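Hi,

Here is the structure I promised to pass on. Have a look at it first, and then read my notes below.

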Amino acid sequence: MIIKNSEFIKSAASKRDYPETGLLEIAFAGRSNVGKSSLINKLVNRKSLARVSATPGKTATINFFDVDKFCLVDLPGYGYAKVSQKEKDRWGKLMEDYFAAGRIDLGVLIVDYRHPPTNNDITMARWFIDSGCPFVVVANKLDKLKKSEIAPNLQTIREDLELPEDCAVIPFSAEKGNGRDELVKMVLSAVKE
């Protein structure tokens with residue numbers, strides 16, 4: 001599966017900044033240090049479409065990208081970022097407004113495969129479930145696990161997030177590319193529908 005074109009459209013600091021692209025929107029959400037930017041870059045085969053930072057929490061706006069025939073939406077990271085509570089509250093409001101706008105055609109929730117989901121991961125999964133939009137969970141950092149940890153950690157993710165049976169969980173490595181083809185296939189399938 002090939003994604004040929006990808007380019008930045010704009011950043012939105014509030015709902016009045018959302019671009020009107022007419023494209024389906026695939027929204028990527030995840031904790032501040034889960035490797036969301038690296039995963040997005042691996043997905044589109046670009047080194048720096050989404051900026052990767054040594055300091056978690058640098059995505060402070062909703063970033064929109066035109067990727068072939070859909071709009072990839074990079075939501076602000078949650079949880080770990082070393083920013084003020086006021087800034088975290090602003091991010092929360094920004095995310096709530098985006099979910100309430102009903103623009104998401106497919107959600108991609110990125111969690112750390114090595115650890116049980118955080119309370120924030122569980123809250124984000126509930127947002128996707130309660131909004132009624134289809135979503136997939138990507139368990140990133142597969143390359144950091146021992147083989148004996150893969151199946152039990154996957155089961156913990158499914159149980160802790162209380163995922164519906166039809167919600168896929170894709171083991172992924174942004175570093176090595178494992179899971180990329182499956183995720184591209186799911187994204188392009190959602191776009192074709």
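What follows is a walk through the fold, the strands, the salt bridges and the aromatic rings.

A word on the ground rules first. This is a predicted model, so local features need pLDDT of at least 70 and side-chain atom pairs count only at pLDDT 80 or more, while totals for chains, interfaces and linings use all residues. Residues are numbered from 1 along each chain as its sequence is written, and side-chain values use heavy atoms, with hydrogens and water left out.

**Overall picture**

The protein has five helices and seven strands. Both kinds are DSSP runs numbered from the N terminus, with helices (H or I) of at least four residues and strands (E) of at least two. Read from the N terminus, the order is β-β-α-β-β-α-β-α-β-α-β-α.

Of the 193 residues, 46% are buried. Here buried means under 20% relative accessible area, exposed means over 50%, and partly exposed is in between (1.4 Å probe, protein chains only). The accessible surface is about 9,900 Å², and carbon and sulfur atoms hold 48% of that; the areas come from the Shrake-Rupley method with a 1.4 Å probe, and for residues only the protein chains shown count as cover.

Taking contacts (heavy atoms within 4.5 Å) with a separation of 6 or more, 75% are between residues 24 or more positions apart.

**Strand E2 and its partners**

Six of its seven residues are buried, so the strand is mostly covered. Two strands count as paired if DSSP finds at least two bridges between them. E2 pairs with strand E4 (residues 70-74) in the parallel sense over five bridges, and there Phe28 sits opposite Asp74. E2 also pairs with strand E5 (residues 104-112), again in the parallel sense, over six bridges; in that pairing Ile26 is opposite Leu106.

**Salt bridges**

I count a salt bridge when a side-chain nitrogen of Lys or Arg is within 4 Å of a carboxyl oxygen of Asp or Glu. The structure holds 13 of them.

Arg31 is in the loop between strand E2 (24-30) and helix H1 (36-44), and Asp121 is in helix H3 (residues 119-131), so the bridge ties together parts that are 90 residues apart in sequence. Arg31 counts as buried because its relative accessibility is 13%, and Asp121 is buried too, at 1%. Leaving out residues up to four places away in sequence, Asp121 touches Arg31, Tyr78, Leu109, Ile110, Val111 and Leu161.

Arg114 and Asp112 form another bridge, with the closest N and O atoms 2.7 Å apart. Arg114 is partly exposed at 32%, whereas Asp112 is buried at 3%.

Lys144 is partly exposed at 47%, and Asp143 is partly exposed at 25%.

**Aromatic rings**

Rings of Phe, Tyr and Trp (its six-membered ring) pair if their centres lie within 6.5 Å; planes under 30 degrees apart are stacked, over 60 edge-to-face, and the rest tilted. That rule gives seven aromatic pairs. One of them is Phe8 with Phe65, an edge-to-face pair at 5.7 Å centre to centre with 70° between the planes. Phe8 is in strand E1 (residues 6-12) and Phe65 in strand E3 (residues 62-67), so this pair joins parts that are 57 residues apart in sequence. Phe8 is partly exposed at 45%, but Phe65 is buried at 3%.

Tyr18 and Phe64 have ring centres 6.0 Å apart and planes at 55°, so they make a tilted pair. Tyr18 lies in the loop between E1 and E2 and Phe64 in strand E3, so 46 residues of sequence separate the parts they tie together. Both Tyr18 and Phe64 are buried. Elsewhere, ring pairs link Phe99, Trp127, Phe128 and Phe135 into a cluster.

**Helix H4**

Last, a quick check on a helix. The expected span is 1.5 Å times one less than the number of residues, so the 14 residues of H4 (residues 147-160) should span 20 Å; the end C-alpha atoms are 21 Å apart, which agrees. Just after H4, Glu162 takes a positive phi of about 50°.

Cheers
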